[in-house]
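I opened my notebook to get to know a new structure. Here is what I looked up, entry by entry.

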Amino acid sequence: MNSKTHSYNSDKRTLLIRALIFSALWLLLTKGAWSSWVIGIVVVPVSVWMSMRLFNDTSRNTARSNGKVVTGQFHYVRLLRLLPYFLLNSLKGGIQTARLAFARRVSMQPGTVLYPLRLPPGHAQLWFIHLISLLPGTLSAQLRGDSLLVHMLEVTEGNYKDVIDCEQKIAFLFDLEIDKQAVPVMKEQK
């Protein structure tokens, strides 16, 4: 089997899986009303097509490292291993937000930090940018070239270490090597 045939079969399988997922989501959103398929017959295929266009372009998920191209490959099994980490941090973030909402006095030192990204542009970076917001007290604010502006409720080394740890977990998820020795230095923005 040549690489074109393998790629074609892989694309067909991906298309089928996504069609099933979007169909199931449509059924969930419409509470199983079969009459909703009058609209769903258009919405589901368009959603599948958009996801194939947006999330199958591997050229956007490549970077150069020491002169060679590096492509991150998403691993579903690794996602299952990392799911507890993300769920726990999401729960911590929710508890922290609730605690702050009901506190009489809040003494925080919020601020923004410019974080130099070590992940290649593409899917891995997008996952990282979105998942930072699950961490307690952090929120992705703006992508600035190879850096990310991160808003923190408290600008501390601990929160910054959580962002670094999240980036390393996303690198693991996409089977990417990032230099763990070159830890980004915290630079608070004024």
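This is a predicted model: local features need pLDDT of at least 70, side-chain atom pairs count only at pLDDT 80 or more; totals for chains, interfaces and linings use all residues.

**Entry 1: the whole chain**

I began with the inventory, and the protein chain has 5 helices and 6 strands. Reading along the sequence, I wrote down the pattern α-α-β-β-α-β-α-β-β-α-β. Of the 190 residues in the protein chain, 31% are buried. I then looked up the accessible surface, which comes to about 12,900 Å², with 61% of it belonging to carbon and sulfur atoms. For contacts between residues at least 6 apart in sequence, I found that 71% join residues at least 24 apart.

**Entry 2: the sheet**

In what order do the strands of the open sheet of 4 strands lie? I traced β4-β5-β3-β6, with antiparallel pairing. The edge strands are β4 and β6 (187–189), each of which pairs on one side only. On average, neighbouring strands of this sheet are turned by 35° against each other, direction ignored.

I gave β5 (residues 147–152) an entry of its own. Is β5 largely enclosed or largely open? I counted 5 of its 6 residues as buried, so β5 is largely enclosed by the rest of the structure.

Strand β3 (residues 111–116) runs antiparallel to β5, and 6 bridges join them.

The hairpin of β4 and β5 has 2 residues between the strands, and in it G145 takes a positive phi near 65°.

I then picked out S147, which lies in β5. Why does S147 count as buried? Its relative accessible area is 17%, and buried means under 20%. Leaving aside residues up to four places away in sequence, S147 touches L114, Y115, P116, L117 and Q142.

**Entry 3: two helices side by side**

Next I looked up how helix α4 (residues 123–131) meets helix α5 (residues 157–173): they pack at an angle of about 145°, with their axes 9 Å apart. The crossing of α4 past α5 is right-handed. From α4, the contact is made by A124, W127, F128 and L131, and from α5 by V163, C166, E167, I170 and L173. Sorted by class, this contact has 8 nonpolar, no polar and 1 charged residues.

**Entry 4: R78**

My last stop was R78 in helix α3 (residues 76–102). Its relative accessible area is 22%, so I noted R78 as partly exposed. Which residues does R78 touch, not counting residues up to four places away in sequence? I listed F172, L173 and D175. R78 and F174 are 96 residues apart in sequence, and 8.5 Å apart in space from C-alpha to C-alpha.

Terms used
Residues are numbered from 1 along each chain as its sequence is written. Side-chain values use heavy atoms; hydrogens and water are left out. Buried means under 20% relative accessible area, exposed over 50%, partly exposed in between (1.4 Å probe, protein chains only). Two strands pair if DSSP finds at least two bridges between them. Axes are lines fitted to C-alpha atoms, for helices over the stretch in contact, and angles run from 0 to 180 degrees between N-to-C directions. A crossing is left-handed if the near helix is turned anticlockwise from the far one by less than a right angle, and right-handed if clockwise. Contact means heavy atoms within 4.5 Å. Ala, Val, Leu, Ile, Met, Phe, Trp, Tyr, Cys and Pro count as nonpolar, Asp, Glu, Lys and Arg as charged, and the others, Gly among them, as polar. Accessible areas come from the Shrake-Rupley method with a 1.4 Å probe; for residues, only the protein chains shown count as cover.
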